[in-house]
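Here are my notes on the model. Please read them with the coordinates open.

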Amino acid sequence: MAVVVMHVVSSVEVSSFEFSGSFKSSKRFLCSRNEGRLFGKDSRWNSPICSSLVANHAGDVVLSSEQKVYDVVLKQAALVKQHRRPNAVDVKPDIVVPGTMYLLKEAYDRCGEVCAEYAKTFYLGTMLMTPERQRAIWAIYVWCRRTDELVDGPNASHITPSALDRWESRLEDLFAGRPYDMLDAALSDTASMYPVDIQPFKDMIEGMRMDLRKSRYKNFDELYLYCYYVAGTVGLMSVPVMGIAPESKAATESVYNAALALGIANQLTNILRDVGEDARRGRIYLPQDELAQAGLTEEDIFDCKVTDKWRSFMKSQIKRARMFFEQAEKGVTELSQASRWPVWASLLLYRQILDEIEANDYNNFTKRAYVSKAKKLMALPMAYGRSLLKPASLTHSSFVKT
């Protein structure tokens, strides 16, 4: 179960702030020719924190996953606050090295081609962004997709923890201005132009590590952390590039929390859509304690039988996913207007997958819930209309920074 990135995938699936949908359904590999070398709730911010402290078996008080992630959110928000000053520039001034501009243009163009091929609707939405933001989002998208393909692509069976360690070292190099290949160069340039922090990228790699060693989740606290790693991280990567509307009065942290919520919502939707597919791979991405409370066992999932107990359980899981979508809506209008359309399209389309699961009578074992092309086309004008709305912080005081 891999990354949810803010994209709306071609004709079969749609995806967030992120590129909000899972990469894992597509098995086409996106590496360069050299890729083979790799193998060898705080109310102030409207955050989704359910509890900040929990006790372990020894009785010690420890931070919950929500609080751990919230700490990352605070750090990311602090990096971009200076860019919200009235006289702040949108990007850092370019330092042009002779002979590099053409190569960088070629690198970004290639990222755009990949985005256009694998995330058609999202790519269309990026056309409204400024050229600089457009290219940067493409670069982030491609890196996330390549990372996801490491554990879900054709070469996934050859991936080891040490291979992911090397991928992380390569990430550190590109953030230090030492890109390995053309696609890395695009992200390296993006990181030099925007206040993009390396931590969410590292956390996504940690999510890939989790997929290698873990196929069960005891409770929602564990699942939440996984969803952050593979999906919520994309929102944190994207907000610095997409930008916050100059007229927004929202706290920077609240916008990041909304981006995080959209990633969580999308990944939870992926999980609910793909129960049968994941079970056939021996994986169950559902809280084990909540399954037990519903009177369900792993055998019930592997048997792929839709029962009243299953329907009741699925209703509660869908309700939770919708709650995160609702939290995400609060922040979309706070983004720069030119960045809102692809995010709204992603949110509206991906949320409809939950409706399709219900329409299939909660049979996510043998029926794949998907949004039809006609419904996608109908949703795009609605998404565009919502992208024109004023920031919610101008009308709702609960979202205003204090």
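Is W167 buried or exposed?

1. This is a predicted model. In it, W167 is buried, with a relative accessibility of 1%. W143 is buried as well, at a relative accessible area of 3%. Both values fall under the 20% cut-off.

2. There are 14 aromatic pairs in the structure. One of them joins W143 and W167: the ring centres are 6.3 Å apart and the planes meet at 20°, so this pair is stacked. Planes under 30 degrees apart count as stacked. The partners come from distant parts of the chain, 24 residues apart. W143 belongs to helix α4 (residues 131-152), and W167 to helix α5 (residues 161-175).

3. W143 also pairs with F201. Here the centres lie 5.1 Å apart and the planes are at 70°, so the geometry is edge-to-face. F201 sits in helix α7 (residues 199-213) and W143 in helix α4, so the contact ties together parts 58 residues apart in sequence. Both W143 and F201 are buried.

4. Taken together, ring pairs join W143, W167, F175 and F201 into a cluster.

5. Two charges over rings deserve a look. The charged end of R320 is placed over the ring of F220, 3.9 Å from its centre. K214 lies over the face of Y217, with 5.2 Å to the ring centre.

6. Now the annotation. An unreviewed UniProt entry places a "transmembrane region" at residues 223-245. In the model, residues 223-245 are 87% helix and 0% strand. The end C-alpha atoms of this stretch are 32 Å apart.

Key: Residues numbered from 1 in each chain as written. Predicted model: local features only at pLDDT ≥ 70, side-chain atom pairs only at ≥ 80, totals over all residues. Heavy atoms only, no water. UniProt positions renumbered as here; feature names shortened; annotations may be inferred. Helix = DSSP H or I, 4+ residues; strand = E, 2+ residues; numbered from the N terminus. Phe/Tyr/Trp six-rings, centres within 6.5 Å; stacked < 30°, edge-to-face > 60°. Buried < 20%, exposed > 50% of the residue type's maximum accessible area, 1.4 Å probe, protein only. Lys NZ or Arg CZ within 6 Å of the ring centre and 35° of its normal.
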